[in-house]
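Try each task yourself before you read the solution.

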Amino acid sequence: MKCPNCSSQMFITDETANSRSQVTFYRCSICVSEHVSSEPIVQADSYESNGYFESPGEDKKRFLMI
């Protein structure tokens, strides 16, 4: 990442992540300015379901109305 003040290369000082986002802290070695960048974490398998469609076939009860 380039420094917005002096356009020199910035280095990473710290990174933190949780289930929703990843935050990266940068610092410039020339003018000592700091920058913070955050990105959302998107996972395709994180969708919640009610469990009905994921259970095995023998666990599903079907009723027949006559």
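This is a predicted model: local features need pLDDT of at least 70, side-chain atom pairs count only at pLDDT 80 or more; totals for chains, interfaces and linings use all residues.

Residues are numbered from 1 along each chain as its sequence is written, and side-chain values use heavy atoms, with hydrogens and water left out.

**Exercise 1: the layout**

Work out how many helices and strands the protein chain has.

Solution. Start with the rule: helices (H or I, at least four residues) and strands (E, at least two) are DSSP runs, numbered from the N terminus. With that rule, the protein chain has zero helices and three strands. Now read from the N terminus on, and you get β-β-β.

**Exercise 2: the confidence**

Find out which strand of the protein chain has the lowest confidence and which has the highest.

Solution. You need pLDDT here, the predictor's confidence in each residue, from 0 to 100. Then go to the elements. Confidence is lowest in strand 3 (residues 34-40), with a mean of 88, and highest in strand 2, at 91.

**Exercise 3: arginine 20**

Decide whether arginine 20 is buried or exposed, and list what it is in contact with beyond its neighbours within four places in sequence.

Solution. First, find the spot: arginine 20 sits in the loop between strand 1 (10-17) and strand 2 (21-28). Next, take the cut-offs: buried means under 20% relative accessible area, exposed over 50%, and partly exposed in between (1.4 Å probe, protein chains only). Arginine 20 has a relative accessible area of 68%, so it counts as exposed. Last, look for contacts, meaning heavy atoms within 4.5 Å. With those sequence neighbours left aside, arginine 20 is in contact with Glu39, Pro40 and Ile41. Check the isoleucine 41 pair: arginine 20 is 21 residues away from it in sequence, yet the C-alpha to C-alpha distance is 5.3 Å.

**Exercise 4: phi angles**

Say where serine 7 and valine 32 lie, and what phi each has.

Solution. Keep the background in mind: most residues other than glycine have a negative phi. Serine 7, in the segment before strand 1, has a positive phi of about 65 degrees although it is not a glycine. Valine 32, in the loop between strand 2 and strand 3, also has a positive phi, near 60 degrees.
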